[in-house]
Amino acid sequence: MKCGCSIGRMTGKCRLSLEKVYTFFDKRDKGFKDTIGGGWSFADGNIRMYFTHSLISDYTEDDWVGTHTYEVVSNDEGRTWTDPELVRLERVKNLEKESLCLTLWGPTAAGTELRFGFHQVLDKPGGTVHHDMSLRDYMMLLGRREKGQREFSMRECPPGTFMGEQFMEGGFQLPSGRLVFTLWGTMTRGENWRCGVLLSDDDGRSWRFRTVGYEPDLAIRDKPAMPAGFNEQTLFHTHDGRIVSIIRGREKLGRGVPGGGDLDTWFFRSESLDDGETWSKPESTNLPGTGATTGLGVTLPDGSLLI
């Protein structure tokens, strides 16, 4: 099984050109089955990319026990890549009973790389991390590697640090230096999902959470015990200084938009005029959703948003 990435460029005003498609593969007989996710950084002349893969399971959900992170590196701007290597942290004791999902981002204007994700230990024999979807009590991890340093300094953020569930994804740095990254999950057990942003004004040393979208009505759920609502987002920084969030609306929330029909996912839109501190109420768009959003969008030279 394979995973990979594509690299493109913009020509002219906003014409996109796909330049290369790269494939990473595992030389083992089993190969990489059911890879998911991916994030990268470009620092010190190297492109580092993380992706996740299940070591032991054929369970084909987003995250499952035995899922771990691998790294590939290119030092020639993507022309060649190293073989995937397992990313190890001291806190992981048993690869078959724990999950470690990490991603990379960077560098910041100060040259700092960020590494973030979550770790979970299986607490139900024979179960999966989905055995209780009302609140998945992962340990959120936040790491920084300053320019010139070899190792990441990692911070543990237990449930309740920002929310009960804490799924951090893509983001960007504003001209002011502020970091804006997406975060979603349930705030407390029994609630619906909400989406928001983490803000940092000190190069990722400390963070604050701000809610972007939340629908408290439990009637939007298809299954009473399963949260629904707003979760993953794609963020855009527009030329006039706004931050726009395109948000995945799940289950009856997503199907409730005009023309939505039976589609489970429909994209909503919110925006911030104050660098992520406050957000407008999410409004439905005409964008049908086929899955998760990507964390970071691209604003083209003419102001169009590319998702």
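**Reading a predicted chain: surface, strands and cysteines**

The chain exposes about 15,100 Å², of which carbon and sulfur atoms supply 50% (accessible areas come from the Shrake-Rupley method with a 1.4 Å probe, and for residues only the protein chains shown count as cover). This is a predicted model, in which local features need pLDDT of at least 70 and side-chain atom pairs count only at pLDDT 80 or more, while totals for chains, interfaces and linings use all residues. Residues are numbered from 1 along each chain as its sequence is written, and side-chain values use heavy atoms, with hydrogens and water left out.

Q: How many helices and strands are in the chain?
A: Helices (H or I, at least four residues) and strands (E, at least two) are DSSP runs, numbered from the N terminus. The chain has one helix and 21 strands.

Q: What is the order of the strands in the open sheet of four strands?
A: Strands of a sheet pair through backbone hydrogen bonds, either parallel or antiparallel. Two strands count as paired if DSSP finds at least two bridges between them. Here the order is β11-β12-β13-β14, with antiparallel pairing. Because β11 (167–173) and β14 (208–214) each have a single partner strand, they stand at the edges, and one side of each is left without a neighbour in the sheet.

Q: Over how many bridges do β12 and β13 pair?
A: Strand β12 (residues 179–186) pairs with strand β13 (residues 193–200) over eight bridges, in the antiparallel sense. Val180 stands opposite Leu199 in β13.

Q: Are Cys157 and Cys195 buried or exposed?
A: Buried means under 20% relative accessible area, exposed over 50%, and partly exposed in between (1.4 Å probe, protein chains only). Cys157 is buried, at 0%, and Cys195 is buried, also at 0%.
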